Amino acid sequence: MTDKIRVRFAPSPTGHLHIGGARTALFNWLFARRSNGTFILRIEDTDTTRSTDEYIEAIIEGMKWLGLDWDEGPFRQTDRFDIYRSYADKLVKEGRAYYCYCSPEELETRRKESMAQGRPLKYNGKCRDLKEPVPGIQPVVRFRMPVEGQTVVDDLIKGRVSFENEQLDDLIILRSDNTPTYNLTVVVDDVDMKITHVIRGDDHLNNTPKQIQLYNAFGYPVPKFAHLPMILGSDKARLSKRHGATSVMAYYELGYLPEALVNYLVRLGWSYGDQEVFTRDELVEYFSFENVGKAAAVFNPEKLLWLNSQYIINSSPERLAGLVMPFLEKGGIIEKGQGMDMRWLSRAVGTLRERSKTLLELANSLRYFIAEEIEFIEKAKDKFLNEKSRDLLAALKEALASVPEFSHDELEKVFKSVVEKHGVKLKDLAQPVRVAMTGGTESPGIFDVLEVLGKEKTIGRLERAIKEIV
């Protein structure tokens, strides 16, 4: 085994990259980058009935969006079937594996008998010492597990975990159609790829003693294992679709920033003091298994949303303007391929980023800045666009026509002069203007809104608002 740390993320392409898989990929990536090691992407696609190229692309898309770059791969197990068979044949020749001719029906009958008698649900070894093949039956290949002693896993997170060998099954490593099974392929791949550390979810812990015995049978060093605690929903059940979005790219569609999701995922089971928000460089510097907890982590959508809002607030308006463009197109706020003045859009975004928790929210908030005509919320219109505000809006429109510079400070002066002249409070003018500009009663500071809208659009919207008052 090499001295250099080599880890792998090995998803099955039977679905999109989900939250649990993304966290496993992230912990592998961080460990590799922290130790100047190698991060390998391996696609475990031996389940040919459920694996698809579309899901492989979706996994790769999710990895790229999260910024989890790999050093080798992606490798596909379906390209390596001959290699797995050669390893299985080697075990048979050495007497460490054997042909089993028991039919599925026979095995099912024995399983039911074992259940009824309270015995372990494991193969009874009928074909273990069979000398001659059974004609007319295509056998499976079973690995000969030790029947005495213990198999011990010294886990980097869970500590020492012992398994009684008498409880372990003679697992099938080649099916009757000559296709390899998971426990064989994963060990062969980890051997061939010189994997030093296997970092994965603790739902794989029960596979580990079987895999350790396979390493021993092949005569290869056993890698170090780190089994990550499960991720649970708020009801403490295993995280699933009923708890909300579980696909990584679903969070892209909802307008989350990749660095916010990365920051949140790493905190599901790992901590560094009381720090909540990390740069990527800090995550690489601080990450270690010593700070990964043994208990299951609970996924909290509200916490993720808060974290995303922090990243939006701290992103530059220029960057957010670029990121929000696809959401403007998808929401029909601009036409696909429509050009935008990105400097102007950045200014508009700058007024809204502290009020937007997601890029989707930001896009919807930009609607009134971009639209040629806004829609009034009836309640806001009835309350603020009335006889009382008509004269104020008309006076403001007249005053704005001669403003030399449409800036925050100049606009503030104009507003003050209008309210002083009419003997009203600033809010008596500001709120009708806000409805006239945005259609509703919530927006950034009114002077910032007008500055971004510009003189022509502002005066046009004031004229329309005045006409609305009958």
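A salt bridge is counted here where a side-chain nitrogen of Lys or Arg lies within 4 Å of a carboxyl oxygen of Asp or Glu. The model is a predicted one, in which local features need pLDDT of at least 70 and side-chain atom pairs count only at pLDDT 80 or more, while totals for chains, interfaces and linings use all residues. Residues are numbered from 1 along each chain as its sequence is written, and side-chain values use heavy atoms, with hydrogens and water left out.

Side chains of opposite charge can pair when their charged atoms come close. Across the whole structure, the search finds 33 salt bridges. One of them joins Arg390 and Glu387, with 2.6 Å from N to O. These two residues are three apart in helix α15 (residues 387-401), so about one helical turn separates them; helices here are DSSP runs of H or I with at least four residues, while strands are runs of E with at least two, and both are numbered from the N terminus. Arg390 is partly exposed at 25% relative accessibility, and Glu387 is also partly exposed, at 48%, where buried means under 20% relative accessible area, exposed means over 50%, and partly exposed lies in between (1.4 Å probe, protein chains only). Elsewhere, salt bridges with shared partners join Arg8, Arg42, Glu44, Arg80, Asp189, Asp190 and Asp192 into one network.

In the pair of Glu253 and Lys330, the closest N and O atoms are 2.5 Å apart. This pair connects helix α7 (residues 248-253), which holds Glu253, with helix α11 (residues 317-330), which holds Lys330, across 77 residues. Glu253 is partly exposed, with 39% relative accessibility, whereas Lys330 is exposed, with 64%.

Lys381 and Glu468 form a further salt bridge, at 2.7 Å from N to O. Here the link runs between Lys381 in helix α14 (residues 378-384) and Glu468 in helix α19 (residues 455-468), which are 87 residues apart. Lys381 is buried, with a relative accessible area of 17%, while Glu468 is partly exposed, with 27%.

The rings come next. Rings of Phe, Tyr and Trp (its six-membered ring) pair if their centres lie within 6.5 Å, and their planes count as stacked under 30 degrees apart, as edge-to-face over 60, and as tilted otherwise. By this rule there are 17 aromatic pairs. In one of these, the ring centres of Trp270 and Phe278 are 5.4 Å apart and the planes stand at 55°, so the pair is tilted. Both partners are buried, Trp270 at a relative accessible area of 1% and Phe278 at 3%. Ring pairs also draw Trp270 and Phe278 into a cluster with Phe27, Phe31, Tyr272, Tyr286, Phe287 and Phe289.

A charge can also sit over a ring, which requires NZ of Lys or CZ of Arg within 6 Å of the ring centre and within 35 degrees of the ring normal. Arg23 lies in this way over the face of Phe27, at 5.8 Å from the ring centre, and Arg142 lies over the face of Tyr123, at 3.8 Å.

How many disulfides are there, if a disulfide is a pair of cysteine sulfur atoms within 2.5 Å? The count is zero. Cys100 is in no disulfide, and its nearest cysteine sulfur, that of Cys102, is 3.9 Å away. Cys127 likewise forms none, with the sulfur of Cys102 as its nearest, at 3.7 Å. Cys100 is buried, at a relative accessible area of 2%, and Cys127 is buried at 4%.

Methods:
A disulfide is a pair of cysteine sulfur atoms within 2.5 Å.
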